[in-house]
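Please open the model in your viewer and keep the sequence panel beside it.

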Amino acid sequence: MPSPTPHEALIYLMVITSASDRDMTDVELARIGDVVRSWPVFQDFQQDRLVSVAQACQKLLHEKDDLEGVLAQIAEALPERLRDTAYAAAFEVATVDLEMRLEEVRVLQLIRRELDLDTLTVAAIARAAKARLRTLT
């Protein structure tokens with residue numbers, strides 16, 4: 001299978017994060033769609049490809065049966081300047097249901113390591129997500 005494009009790599013990370021607990025919820029799938037529709041990084045992505053890209057990710061995971069190998073392929077496909085964006089997209093999916101399961105935490109750790117993100121960047125992304133998701137009550 002050819003290396004993913006940067007758009008595909010970003011989507012793969014969101015799909016992997018969502019599927020990490022073996023339960024891709026409707027809320028997580030909706031958030032993936034929201035990110036693809038609204039984030040500037042996806043401005044020139046053909047949105048009708050989202051489902052086929054997500055399916056390609058699932059197929060790749062089953063074929064390789066090695067999450068770390070797939071993450072390495074994703075990291076290779078992402079330009080350095082998009083690595084924090086990629087982590088933010090994955091984090092967005094992990095936090096959308098307002099609870100982060102242990103499996104999601106572990107996948108985010110693997111993503112951080114593979115993308116070689118520093119602690120301050122990761123903390124800033126987490127803090128921004130927390131502020132964005134806060135409610136009045």
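Begin by selecting Leu67, Glu68, Leu71, Ala72 and Ala75 in H4, which meet Val107, Leu110, Ile111, Arg113, Glu114 and Leu115 in H6; contact here means heavy atoms within 4.5 Å. Helices (H or I, at least four residues) and strands (E, at least two) are DSSP runs, numbered from the N terminus. This is a predicted model, in which local features need pLDDT of at least 70 and side-chain atom pairs count only at pLDDT 80 or more, while totals for chains, interfaces and linings use all residues. Residues are numbered from 1 along each chain as its sequence is written, and side-chain values use heavy atoms, with hydrogens and water left out.

Now widen the selection to the whole of helix H4 (residues 67-77) and helix H6 (residues 102-115), whose axes come within 9 Å and cross at roughly 45 degrees. Axes are lines fitted to C-alpha atoms, for helices over the stretch in contact, and angles run from 0 to 180 degrees between N-to-C directions. H4 and H6 are therefore oblique to each other, given that angles under 35 degrees count as roughly parallel, over 145 as roughly antiparallel, 65 to 115 as roughly perpendicular and the rest as oblique. The crossing of H4 and H6 is right-handed; a crossing has that name if the near helix is turned clockwise from the far one by less than a right angle, and is left-handed if the turn is anticlockwise.

Follow H6 to its end and select Asp116, which lies in the loop between H6 and helix H7 (119-133). Phi of Asp116 is near 55 degrees, a positive value in a residue other than glycine. Most residues other than glycine have a negative phi. With a relative accessibility of 63%, Asp116 counts as exposed, where exposed means over 50% relative accessible area, buried under 20% and partly exposed in between (1.4 Å probe, protein chains only). Asp118 lies in the loop between H6 and H7 as well, and is partly exposed, with a relative accessible area of 42%. From Asp118, draw a distance to Asp84: the two C-alpha atoms are separated by 9.5 Å, although the residues are 34 residues apart along the chain.

The next stop is H5, together with the helix packed against it. Helix H1 (residues 6-19) and H5 pack at an angle of about 30 degrees, with their axes 8 Å apart, and that makes H1 roughly parallel to H5. Their crossing is right-handed. To see the contact itself, show Leu10, Leu13, Met14, Thr17 and Ser18 of H1 against Thr85, Ala86, Ala89, Ala90, Val93 and Ala94 of H5.

How many of the residues of H1 are buried? The count is 12 of 14, so H1 is largely enclosed by the rest of the structure. H1 reaches 20 Å from its first C-alpha to its last, close to the 20 Å expected, the expected span being 1.5 Å times one less than the number of residues.

H5 is also mostly covered, with 11 of its 13 residues buried, and what covers these buried residues includes H1, H2, H4, H6 and H7.

Inside H5, select Tyr87 and Phe91, which lie 4 residues apart, about one turn of the helix. The structure holds 2 aromatic pairs, a pair being rings of Phe, Tyr and Trp (its six-membered ring) whose centres lie within 6.5 Å, with planes under 30 degrees apart counted as stacked, over 60 as edge-to-face and the rest as tilted. The rings of Tyr87 and Phe91 have centres 5.9 Å apart and planes at 40 degrees, so this pair is tilted. Tyr87, at 1% relative accessibility, counts as buried, as does Phe91 at 10%.

Leaving aside neighbours within four places in sequence, Phe91 is in contact with Met100, Leu108, Ile125, Ala126 and Ala129.

Finish at Phe42 and Phe45, whose ring centres are 6.0 Å apart and whose planes stand at 70 degrees, so the pair is edge-to-face. Both Phe42 and Phe45 are buried.
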